[in-house]
Amino acid sequence: TVYDCSVIELDKHHHEKGNITVLENGNTIPFHVKRSYYLYDVPGGESRGGHAHKGLFQLIVAASGSFAVTLDDGKIKRTFTLNRPYQGLLVVPGIWRELDDFSSGSVCLVFASMKYDAGDYIRDYDEFLKFKSDKNE
Ligand code: TYD
């Protein structure tokens, strides 16, 4: 459910000349990272996402700027505003997500548990609801 998704505080090394946040497989997050990608140059007013994943775990980080992530398990919706590079939103499988309210220059960094697989996506909301009810969720 959406209550399995939460904001995780990441390791932060504070220095007067700049900060560093580190993610390593084996600690920090509850999956191994097989892929990372980042979304940037999102035009003002645009929204992204609009799909769910069947098996993918993700950690979503506002590496720069801010944006909102709305998670939906078919019953309950929760919206998180991400605006700290040392916080990551854990998104478990079977959650519909929408990203919007991107500030200009924002960078959405994503760590993912699997390589890209178009077959892992559910892009139709009714199909998502059917997927959830087939799993009795
Ligand atoms: P998509 O995940 O639909 O974007 P968003 O959820 O941010 O709106 O991906 C957009 C396009 O990029 C889609 O055509 C597939 C491609 N893509 C890859 O080829 N590999 C990847 O790892 C990702 C995340 C996307």
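Reader: Which residue in β12 stands opposite A52?
Author: In this predicted model, the residue opposite A52 is I122 of β12.

Reader: How do you know that β5 and β12 are paired?
Author: Two strands pair if DSSP finds at least two bridges between them. Two bridges join β5, residues 48-53, to β12, so the pair meets that cut-off. The two strands run antiparallel.

Reader: Where does that pair sit in its sheet?
Author: The sheet is an open one of five strands, in the order β8-β7-β10-β5-β12, with antiparallel pairing. Strands β8 (77-82) and β12 (121-122) each have a single partner strand, so one side of each is left without a neighbour in the sheet. That is why β8 and β12 are said to stand at the edges.

Reader: Thanks! What makes the residues of the largest nonpolar core a core?
Author: Such a core is a set of buried nonpolar residues joined through C-beta atoms within 7 Å. The largest one here has 24 residues, and those with the most contacts inside it are C5, I60, L82, L89, V91 and I95. Several strands contribute: β6 (58-64), β7 (67-72), β9 (87-91) and β11 (107-112) each supply at least two residues of this core. As background, nonpolar side chains tend to be buried together in soluble globular proteins.

Reader: Which residues does V91 touch, leaving out those up to four places away in sequence?
Author: V91 touches C5, Q58, I60, L71 and R97. Contact here means C-beta atoms within 7 Å.

Reader: Let's turn to the ligand. Which residues are around the ligand, and what makes them count?
Author: They are R35, Y37, L39, R48, G49, H51 and Y116. The test is a C-beta atom within 6 Å of the molecule. Both β4 (35-39) and β5 supply at least two residues of this shell.

Reader: How many residues of the shell around the ligand are nonpolar, polar and charged?
Author: The shell has three nonpolar, two polar and two charged residues. Tyr counts as nonpolar and Gly as polar in this scheme.

Note on methods
Residues numbered from 1 in each chain as written. Predicted model: local features only at pLDDT ≥ 70, side-chain atom pairs only at ≥ 80, totals over all residues. Helix = DSSP H or I, 4+ residues; strand = E, 2+ residues; numbered from the N terminus. Buried ≥ 20, exposed ≤ 12 C-beta atoms within 10 Å, placed from the backbone. Contact = placed C-beta atoms within 7 Å.
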